[in-house]
Amino acid sequence: PNGAQPADLAEIYRELQSFPFVEVYAEHGHNLHSLTRKTILRHLWDQDPTFYREVSRLAAEYFSRDLSSEEGVAFLDMVEYAYHLLVADEEDGLAVANNLISLVGDYGQYEFSHAMVEAVQEHVDAGRVSDEVRWQLTVWRARDANSVRRHEDAVRLAAQIDLPDGPPAPTRLKGELARLAADSLTALSRFDKAHDWLQRAREYEEPGSSDATLNLAGLGTLFYSWNRFVEAGLAFLPALDAHVTRLLLPLVPVELAVEDDSEDGQTTVWLIADEDQEGAVTPPGVQAHHPPAWITDEDGTYYVAVDNPEHPDAADLPTLWPVEVDSFLGWLWESVALVYEATDDYRQADAAARLAGSIALDVGDADTATHAAQLLYRVGGRLGDVKLARAVIKDQERLLATAESRGDLKSQTSALFNLASAYADALNYPVARQRFDQALALARQMGDPLAQADALDGLAGLDWTQGRHADAARQLESALELLADAG
């Protein structure tokens, strides 16, 4: 209450704790019981939404403190922060919630995405947010279903864009739902239907947009899964070029005096421009899908060779351009490497996988780094490069440690699979079994039935190789049960 003294507030707080509808809220004091809290919030919103928004703003400020520390990201506090911010400032709250759901999804920490989704559902049910948030919630539920292999659920959620009742979905979200449906249908090997959904996604895209690039990448994934590898490459390569074009850093020309015999005694150097700096330029487009076109300097900055014959000042532009790499770029290079591997072009696969792994490590994407390492291990065997294969094995423990430090369950599982397979190939069966067991435990923690089945299949292979055929049969039977339950 306005004008209350600290002693008065403390007494009120103690008195509130005595009520039966108040419960302990771990690390944050106390909270109202869920049903009581929702009833009071509904009343406050109906009576004075302006006051409600102000209280939400203050609560968001409280939960925004210490969201990350040396111990990692406080995901539950981020859920609370986004929950309150959505009412105080819907645009910012939506961005925070979306980033959180993407982050925990990448790490396999699905319990936090579930918590965020349910928190936003409360706002939707109470009518405190816009129709855009309502549709964004549908997208999050579809993402979540796709991530945990509930692909039929993801397709059903995406199909809501065709329902005649209610407000229509924003075009951008229609496109994402269509991509999610295509991704799930691809995982279900229903390739014709997946292709239909991707064609719909392309109808919603803006030419040259990031959505257009994502749709091309989705088409590449579809064709690769369909064993149509040439068409996969024809989708992935322009997707990679388009994404690199957006990642090119703007440069600005600077004239420097030089001591030589030139007429003007000056030379032009190109420096990375500050944000919105006058005179900054970027090329209109690049063909960046050739690994030899990429180099890194001693500071770890990536450069790509650029040829811009269509640019009016092409002769005066630099031929190497700096690129601000990201995790999607690493994934695109990994996908290109897989296409090269599938078409038996192992030298190109090796070069592309090395670039994918390097970028992934630099941006902290342990999942793609692990997949690239798996690919390099296979390619090393194909090329007879024993040294490369052994070097890849050594890197896996480091990748595993990185994933563990970040709480990245998906990357940990991938690294453990890779290590288990490598140790099995090296006939080190005890360590291989230990790694498969660890992968199985993490897959169970994530609630991922297909990853569990993969781990059981690996253990069955070890049992069979070591003559324990009955044990191998039991492992395979468990794996098949999981696959049947997952559909």
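**Exercise 1. State the secondary structure content of the protein chain.**

Solution. The protein chain has 20 helices and nine strands, counted as DSSP runs numbered from the N terminus (helices: H or I, at least four residues; strands: E, at least two). The model is predicted: local features need pLDDT of at least 70, side-chain atom pairs count only at pLDDT 80 or more, and totals for chains, interfaces and linings use all residues. Residues are numbered from 1 along each chain as its sequence is written, and side-chain values use heavy atoms, with hydrogens and water left out.

**Exercise 2. Find which residues touch the most other members of the largest nonpolar core.**

Solution. Step one is the criterion: a nonpolar core is a set of buried Ala, Val, Leu, Ile, Met, Phe, Trp, Tyr and Cys residues joined through side-chain atoms within 4.5 Å. Buried means under 20% relative accessible area (1.4 Å probe, protein chains only). The largest core holds 65 residues, and those touching the most other members are Val 244, Trp 294, Val 304, Val 323, Leu 329 and Trp 333. Helix 13 (residues 327-342) gives this core its largest share, nine residues. A second, separate core has 32 residues, including Tyr 81 and Leu 94.

**Exercise 3. Compare the span of helix 14 with the expected value.**

Solution. The expected span is 1.5 Å times one less than the number of residues. Helix 14 (residues 346-363) has 18 residues, for which 26 Å is expected. From first C-alpha to last, helix 14 reaches 25 Å, close to that value. Its buried residues include Tyr 346, Asp 350, Leu 355 and Ile 359. Just after helix 14, Gly 364 has a positive phi of about 80°.

Definitions and conventions
Buried < 20%, exposed > 50% of the residue type's maximum accessible area, 1.4 Å probe, protein only.
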